[in-house]
Amino acid sequence: MRIAVYPGSFDPVTLGHVSVIRRAARLFDRVLVCAMRNSEKNNLFSLDERVELLRRVLKDIPNVEVEAYTGLLTDYCRERGADVIVKGLRSGADFSSEMQMAWINRTLNPEVETMFLAAEKEHLNISSTVVKELANYGVNLIGWVPDEIVNDVMEKSERGRKRHGEWDH
Ligand code: PNS
């Protein structure tokens with residue numbers, strides 16, 4: 001049985017992520033979507049919330065499971081018996097950072113291969129960072145994130161703005 005891990009911050013999950021997951025689910029017997037900490041990023045949603053959003057949007061794909069993991073990706077792969085790490089590539093910038101992570105992961109666990117899936121052209125400019133920026137300005141997120149979570153992202157972003165007092169002036 002071929003098991004792939006699709007890791008990421010998913011803060012929040014976007015239509016680009018879902019596309020890569022659906023395509024990976026056709027290539028592998030099981031796809032484990034692993035919500036992780038990225039020490040370089042500030043999160044809008046907690047890890048548990050990110051897992052809940054992922055499960056909601058992926059519930060119709062039978063061979064996809066969602067988990068959170070706070071350790072090293074390569075340890076997670078070892079624990080789950082995964083053969084492959086799948087990542088999506090949108091651009092040259094993605095290529096540089098993803099190649100670096102692939103080399104690090106390969107050094108930590110040579111048993112696991114990293115495979116890249118080319119992003120669909122309609123998703124080249126979608127990222128969780130852009131989604132959060134647009135939400136911050138109240139832009140409707142239909143077409144950026146799955147319909148089922150549009151309101152969650154808008155409401156969370158609005159709550160964050162209120163908490164930081166930006167609407168007091
Ligand atoms: O969606 P992201 O933020 O680009 O995903 C990056 C992520 C979470 C996959 C990466 O930061 C990661 O693997 N974090 C887990 C810790 C780890 O294993 N670090 C070493 C590999 S660089």
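Before you click: the model is predicted, so local features need pLDDT of at least 70 and side-chain atom pairs count only at pLDDT 80 or more, while totals for chains, interfaces and linings use all residues. Residues are numbered from 1 along each chain as its sequence is written, and side-chain values use heavy atoms, with hydrogens and water left out.

**Stop 1: the ligand**

The shell has 13 residues, and Ser9, Asn38, Lys41, Leu72 and Leu73 are the closest; a residue is near the ligand if one of its heavy atoms lies within 4 Å of it. By class, you'll find five nonpolar, five polar and three charged residues here. In that scheme Ala, Val, Leu, Ile, Met, Phe, Trp, Tyr, Cys and Pro are nonpolar, Asp, Glu, Lys and Arg are charged, and the others, Gly among them, are polar.

Now colour by secondary structure. Strand 1 (3-8) and helix 4 (92-108) each give at least two residues to the shell. Helices (H or I, at least four residues) and strands (E, at least two) are DSSP runs, numbered from the N terminus.

Next, look at the polar contacts, meaning pairs of N or O atoms within 3.5 Å; within protein, one must be able to donate a hydrogen and the other to accept it, and residues adjacent in sequence count only if both atoms are side-chain atoms. From Ser9, a side-chain N or O atom is 2.4 Å from an oxygen atom of the ligand. For Asn38, the side chain again supplies the N or O atom, 2.8 Å from a ligand oxygen. At Leu73, click on the backbone instead: an N or O atom there lies 2.8 Å from an oxygen atom of the ligand. The protein covers 80% of the 540 Å² of accessible area that the ligand has on its own; areas come from the Shrake-Rupley method with a 1.4 Å probe, and for residues only the protein chains shown count as cover.

**Stop 2**

Pick Phe10, in the loop between strand 1 and helix 1. Is Phe10 buried or exposed? Phe10 is buried, at 2% relative accessibility; buried means under 20% relative accessible area, exposed over 50% and partly exposed in between (1.4 Å probe, protein chains only). Check its backbone too: phi of Phe10 is near 50 degrees, a positive value in a residue other than glycine. Then step to the bond joining Asp11 and Pro12, which is a cis peptide with omega about 5 degrees. Pro12 is in the loop between strand 1 and helix 1 (15-27). Most residues other than glycine have a negative phi, and most peptide bonds are trans.

From Phe10, jump to Cys34, 24 residues apart in sequence but 9.1 Å apart in space, C-alpha to C-alpha. Cys34 sits in strand 2 (residues 30-36) and is buried, at 0% relative accessible area.

**Stop 3**

Select Pro62, in the loop between helix 2 and strand 3, and Asn63, in the loop between helix 2 (47-58) and strand 3 (64-69). Pro62 is exposed at 80% relative accessibility, whereas Asn63 is buried at 17%. What does the side chain of Asn63 reach? The backbone oxygen of Phe28, at 3.2 Å.

**Stop 4: strand 5**

Finish at Ala118 in strand 5 (residues 113-118), exposed with a relative accessible area of 53%.
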